[in-house]
Amino acid sequence: MIQRSNPEPFTEHPASSPLTIHDMTVAYHRKPVLWDIDYNAPKGRLVAIVGPNGAGKSTLIKAVLDLIPRASGDVKVFGLSYRNQRSRVGYVPQRESVDWDFPVNALDVVAMGLYRKIGWCRPVTAKYRKIALEALDRVGMAGFARRQISQLSGGQQQRVFLARALVQDADLYLMDEPFTGVDAATERAIVAILRNLRDTGKTALVVHHDLQTVPEYFDHVMLLNMRLVATGPVQEVFTPENLRKTYGGKLALLDRVGHQMTLSGGGQ
Amino acid sequence: MPGILAQTLDLLAGWRPLDTWIVVTAALAAMGCSLPGVFLVLRRQSMTGDALSHTSLPGIVIAFLLAQWLNKLGWISPETYETARHGVLFLGAMVVGVATAVLTEWVHKLGRVEASAALGVVFTTLFALGLILIRTAADNVDLDPDCVLYGTVETVVIDTLAGTGVPRAAVLNGLVLLVNLGLVVIFFKELRISAFDPALATTLGINATLMHYALMAVTAATLVAAFESVGSILVIAMLIVPAATASLLSRQLWLVIVLSLAVAGLSAPLGHVMAIVLPPLIFGRLGFDSVVDASTAGMMAVAVGMLFAAAVFLAPGTGILARIVHHAVLVVRIAAEDVLGVLYRAEEAGMASKATEVNHLLENALKAGPLLRGLAMRTLIREGKLVHDGAIYRLTPAGRDAARAVVRSHRLWEAYLAKHFQLAEDHFHDSAARAEHYIDSGTRERMAEELDQPGLDPHGRSIPKES
């Protein structure tokens, strides 16, 4: 079922793989929404996570980050548990996940990416504000640093989120739909930054909705629909047949078994 | 009116140190509450504050019973009883605060009930439990339900700290305020991120769930301290309304916090003065002479509500008044731009020197009525864009530049519509007459670029160049 056309992740020692997911199942109310995911992320690549609505794309990212519990399986980041590698992982949540009326400005939001580095109970000093401002400059938003975030357009808000991820200076980035609802200029800016990250050896897993731009923007792809349909380099895996498998409706039996697990209270 | 003022001053002439202590205690309690309140409001969990003020009741009762029991067992001496009682009280409230949050989450997840419904189930049940406990333990506990519900700020001076004239309640609420201020200053960054983006906070190692529980515990402790002064129901007003008012006034978190403190602090003197003055003024006049004063706590809630209403009306930029002014300015600007357009077109038609024609156009070609037209023309004259020379209105050079921009916007928009819309030619004008007031030079430049620098509009009239 799962095609692994790309041998590269296996030629390296597993410890150096940015993200290893082993037999992970995630359930809501005992009903699995992600079944038995086995995955090795290739280092220094841009990976698109693609699949229909309800395929579990955001769930996968959140389960990796321990934001929601896993029913089974484990996750390794550069060979160690995520707990010990938090500083090496940057997270860009969905833009809609926060309240944009919150009384903070763009610079405040970007500086949040530095909170771990700054440490508990210490203030955000001028040194850190400078770093945050540089990151805003990288996403073309330096002129908006003092702007209250509700006064930014959707694309500008997304760039602020991206700048916040940049200051984290992580090695593995997990981004949840950074391209949703942004203007063409922002889309170009995000792509440029992603490529820049890749060129400096970083890995990014990006939930992406626009199938047309997948081959242009990404090196690898993960096709997901409650299960892993296929992963590997875009030119090998991003085929009409695999896409049909991914988007051709859920597996009826998978749904049925999941439903029965919910009813009988098992499924762990 | 002078009668009312004199009566007010007369009533306030009776102000005694007692009144000052009431105001100080109430202000400290309100300010202490407003700090956790800011974060509850920002997290959109205002109703959780309401819930906590109810669920603290069983916490208080259990803590009371526990303290008495320990006293009976001889574990705490009578001398330290009073201090220990407060300690146990705070502890009980904090435990109940966290328990409320945890229980609500359980009911939400296990019962698969919507979050606010889960909160509703938990806090009413715990409150009822508290009431039952008070009833059954009433013989053993010197706890009066009335004083929990309504507070006893009027009698604060009865219970003073030994040796000083300072009411115990003032000290207690002052300490709570200090602790809360300290917590906000120390954990400012952590509170901010876990309120704004809990998921990111958690991935950065700032556990948002724990921060939530901590906030619940601090809120519950603060509420318990404030209960004695303002009562368990009105305390909600102090928790939420100052923060809601401040959020209307500022878009910066630290300023929201400072303003919340100010609003909360102000509500105490306002409330107390109103409690003294209003009943005789209102009820005295209605013939109810027996009503001589009202509850200070109740009037504080009214006062803080009035401050909120004032903020809704007066908030800079977003308030009702600001929006009315903004709209009025816009209406005058649009009328003025229409005047400029009329005069520019008159010049184009070679009629600018014919007073009768120009006046006829100004009176008939504008949508604005005579009043608005007069206001618009006076504005233009003041801005040096229009002169009234002899019997005729003329554009100054500056006015002509401004008019050219308006007409250019109008005709570019028509050309733009002609390219992209399937519209009859006589439909262009109305749309352009609306749009011309909102098109700035940057937009004009982009439009002209897209249309390949057109010289004529769809009606064949020349589009003036940018000045």
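This is a predicted model: local features need pLDDT of at least 70, side-chain atom pairs count only at pLDDT 80 or more; totals for chains, interfaces and linings use all residues.
**Entry 1: two helices in chain A**

I started with a pair of helices in chain A and looked up which residues meet. From α6(A), G155(A), Q158(A), R159(A) and L162(A) come up against A185(A), T186(A), A189(A), I190(A) and I193(A) of α7(A). Sorted by class, this contact of α6(A) with α7(A) has five nonpolar, three polar and one charged residues.

Next I checked how the two helices lie. Helix α6 of chain A covers residues 154–167 and helix α7 of chain A covers residues 184–199; their axes come within 9 Å and cross at roughly 15 degrees. Angles under 35 degrees count as roughly parallel, so I put α6(A) and α7(A) down as roughly parallel to each other. I also noted the hand of the crossing of α6(A) and α7(A), which is left-handed.

**Entry 2: chain A as a whole**

I stepped back to chain A overall. I found eleven helices and eleven strands in its secondary structure. Chain A has 268 residues, and buried ones make up 44% of them. Then I looked at contacts in chain A with a separation of 6 or more: 72% of these are between residues 24 or more positions apart.

**Entry 3: where chain B touches chain A**

How many residues of chain B are in contact with chain A? I got 23 residues of chain B, in contact with 19 residues of chain A. On the chain B side, the elements giving two or more residues are α8 (188–196), α9 (198–203) and α12 (253–286). I see that α8(B) gives the most to that side, with five residues. By class, the side of chain B that touches chain A has eleven nonpolar, six polar and six charged residues.

**Entry 4: the nonpolar cores**

I turned to the largest nonpolar core, which has 178 residues. Which of its residues touch the most other members? I wrote down V47(A), V110(A), M238(B) and M300(B). Helix α2 of chain B (residues 17–42) supplies the largest share of this core, 16 residues.

I also found a second, separate core of 18 residues, with L340(B), L343(B), A346(B) and V406(B) among them.

Leaving out residues up to four places away in sequence, M300(B) touches A26(B), A30(B), V230(B), L234(B), S267(B), A268(B) and G271(B).

For my own reference, the size of an interface is often given as the accessible area lost when the parts come together. My entry on the two chains counts residues in contact instead, 23 of chain B and 19 of chain A.

Definitions and conventions:
Residues are numbered from 1 along each chain as its sequence is written. Chains are lettered from A and ligands numbered from 1 in the order in which they are written. Two residues are in contact if their C-beta atoms, placed from the backbone, lie within 7 Å. Helices (H or I, at least four residues) and strands (E, at least two) are DSSP runs, numbered from the N terminus. Ala, Val, Leu, Ile, Met, Phe, Trp, Tyr, Cys and Pro count as nonpolar, Asp, Glu, Lys and Arg as charged, and the others, Gly among them, as polar. A nonpolar core is a set of buried Ala, Val, Leu, Ile, Met, Phe, Trp, Tyr and Cys residues joined through C-beta atoms within 7 Å. A residue is buried if 20 or more other C-beta atoms lie within 10 Å of its own, exposed if 12 or fewer, and partly exposed in between; C-beta atoms are placed from the backbone. Axes are lines fitted to C-alpha atoms, for helices over the stretch in contact, and angles run from 0 to 180 degrees between N-to-C directions. Angles under 35 degrees count as roughly parallel, over 145 as roughly antiparallel, 65 to 115 as roughly perpendicular and the rest as oblique. A crossing is left-handed if the near helix is turned anticlockwise from the far one by less than a right angle, and right-handed if clockwise.
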